[in-house]
Amino acid sequence: MPLPKINPTHTKAWKKLLEHYKSIKDVHMMQWFSENENRASEMTIHWEDFYVDYSKNRMDAKTMALLLELAEETQLKLAIDKQFQGDIINETEGREVLHTALRSPRSAKIEVEGQDIIPEIYEVKAKIKDFTNGIVDGKRKGYTNKAFTDVVNIGIGGSDLGPAMVVDALQYYKNHLTTHFVSNVDGDHVNEVLKKLNPETTLFVIVSKTFTTQETLSNANTIKAWFLKSASENDVAKHFVAVSTNIEKVKDFGIDGDNIFPMWTWVGGRFSLWSAVGLSISLATGFDNFDKLLAGANAMDNHFKTADFKTNLPVVLALIGIWYTNFFESESEAVIGYSQYLNQFATYLQQANMESNGKSVDRNGDKVTYQTGNIVWGEPGTNSQHAFFQLIHQGTKLIPADFIGFAKSLHGNKDHQDKLMSNFIAQTEALLNGKSKEEVVAEFKSQNTSEETIKQLTPFKVFEGNKPTNTILIDQLTPESLGKLIALYEHKIFVQGVIWNVYSYDQFGVELGKQLASKILKEFGTKDQIAGHDSSTSNLLEYYKKLS
Ligand code: F6P
């Protein structure tokens with residue numbers, strides 16, 4: 001059964017939220033903090049190793065109560081159940097959405113078309129484990145009988161961003177293998193990676209759900225040709241493996257049947273790192289760590305499925321996002337990981353979030369009349385403080401931000417960790433409090449600044465504050481906690497898609513550009529003047545043809 005198709009703006013809760021917004025839009029959060037000394041504890045959810053404080057948001061208890069009514073009226077609970085039980089909720093592609101099954105325990109039973117999929121999932125996991133151990137232990141060798149030293153993941157979008165982000169985030173847990181990622185069809189990417197490699201000791205993992213993606217196939221072909229300069233066709237089987245649903249196409253590419261790791265159409269590309277798409281994670285960190293990542297995600301799945309919405313992390317964070325997007329009309333949200341290990345987290349989230357909810361037609365096929373899909377961006381703290389924080393603190397835009405930090409470091413250097421975490425805590429305090437005119441003047445006076453300078457500079461030094469943040473403080477970065485964090489955002493995206501009444505699991509918006517690029521690619525090869533384009537496109541095409 002498909003998802004409910006409820007226009008959120010037609011609910012009673014939406015109308016109440018519109019009224020409520022008018023009454024609190026100008027309130028400074030500090031007023032609520034001074035009126036209620038329990039505000040922080042009332043608006044903090046402590047679940048396992050996650051401490052999530054959402055009190056620094058422009059909302060009160062009534063706001064959350066109304067947002068919860070909205071979740072109720074849009075039948076969120078029913079939608080969650082449908083997703084987990086494998087209903088065809090990706091209606092436009094006629095598919096189930098079961099990335100959560102990939103991290104379910106062996107004892108689970110989840111059916112697709114009457115067939116329990118758990119045994120298949122565990123078969124592939126066993127294959128991943130076996131293969132990983134062979135490569136990591138050096139028992140599986142290359143064509144000159146040397147152990148592997150390097151792994152190259154060839155894929156793009158969901159077949160790249162998730163594994164690349166996790167391998168980077170779990171560097172601390174890495175083994176001796178060096179992992180590389182080739183995604184862009186720009187030849188510079190593959191060329192620069194190949195310069196670093198020895199064909200005798202490199203394993204290539206081609207990851208493509210469809211095995212039709214131009215970028216991935218071009219890179220795979222270039223790499224295979226490079227490999228064959230020193231090795232023979234017979235050696236390909238030892239060095240090339242593939243992850244795909246399209247077994248025939250993989251075989252056509254010349255990959256041995258044994259070297260194919262299957263995946264399934266019920267796993268969306270951007271939610272696929274939990275499948276064999278995560279093979280490079282398993283190779284880089286060992287299968288046990290990959291499995292712990294999955295276990296962490298499964299813990300978050302259980303929390304999401306069972307926790308009351310009031311204390312349900314993905315639900316609460318999603319509702320806060322809706323509050324800003326649809327009532328404050330904010331356009332974007334920043335995700336700032338106070339960990340260099342989360343360097344690629346925002347990039348990963350951009351696909352997960354924007355490919356999922358960047359939709360303007362609702363589940364009834366009607367054009368939406370409200371905002372959906374936020375722009376997600378961010379960089380790690382403290383670097384970002386020295387880059388774009390000026391705009392968040394004193395700019396004209398409202399940018400709600402998630403601050404993610406880990407209480408215990410992995411490196412053990414207390415000096416660095418204390419400095420990092422003092423910034424982590426101070427920034428959300430500064431964004432909340434701001435700095436009043438009185439405080440600025442008092443500070444100037446304490447420094448014996450002249451009256452003239454005080455008058456001149458005070459306006460520039462005032463911070464209004466009242467800038468919303470969520471603080472996600474996690475005990476430590478481990479494979480489990482990373483799994484939980486990723487699953488938290490996956491579910492947040494799902495909840496928002498349900499409430500916005502859009503289909504979060506298709507991505508037709510990326511098709512048109514692909515179609516036109518393949519048409520233009522053919523036109524590059526013709527000598528004739530090209531018709532059928534607007535004049536700007538025609539000029540660009542002709543100009544490129546002349547120069548290239
Ligand atoms: O960009 C569109 C997209 O279809 C993504 O959804 C997907 O993750 C990516 O391309 C790669 O697709 P594939 O894994 O089939 O090569």
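This report walks through aromatic rings and one serine in a predicted model.

Residues are numbered from 1 along each chain as its sequence is written. In this predicted model, local features need pLDDT of at least 70 and side-chain atom pairs count only at pLDDT 80 or more, while totals for chains, interfaces and linings use all residues, and side-chain values use heavy atoms, leaving out hydrogens and water.

**Ring pairs**

Rings of Phe, Tyr and Trp (its six-membered ring) pair if their centres lie within 6.5 Å; planes under 30 degrees apart are stacked, over 60 edge-to-face, and the rest tilted. That rule gives 30 aromatic pairs. Here are two of them:

| Pair | Centre distance | Plane angle | Type |
|---|---|---|---|
| Tyr338 and Phe424 | 5.4 Å | 65 degrees | edge-to-face |
| Phe388 and Phe389 | 5.8 Å | 40 degrees | tilted |

Tyr338 sits in strand S10 (residues 332-338) and Phe424 in helix H17 (residues 414-433), so this pair links parts of the chain 86 residues apart; helices (H or I, at least four residues) and strands (E, at least two) are DSSP runs, numbered from the N terminus. Tyr338 and Phe424 are both buried, meaning under 20% relative accessible area with a 1.4 Å probe, protein chains only. Phe388 and Phe389 are buried too.

**A look at Ser481**

Where is Ser481? You'll find Ser481 in helix H20 (residues 479-500). Ser481 is buried, at a relative accessible area of 1%. Beyond its neighbours within four places in sequence, Ser481 is in contact (heavy atoms within 4.5 Å) with residues including Asp49, Phe50 and Phe406.

Conventions. Buried < 20%, exposed > 50% of the residue type's maximum accessible area, 1.4 Å probe, protein only.
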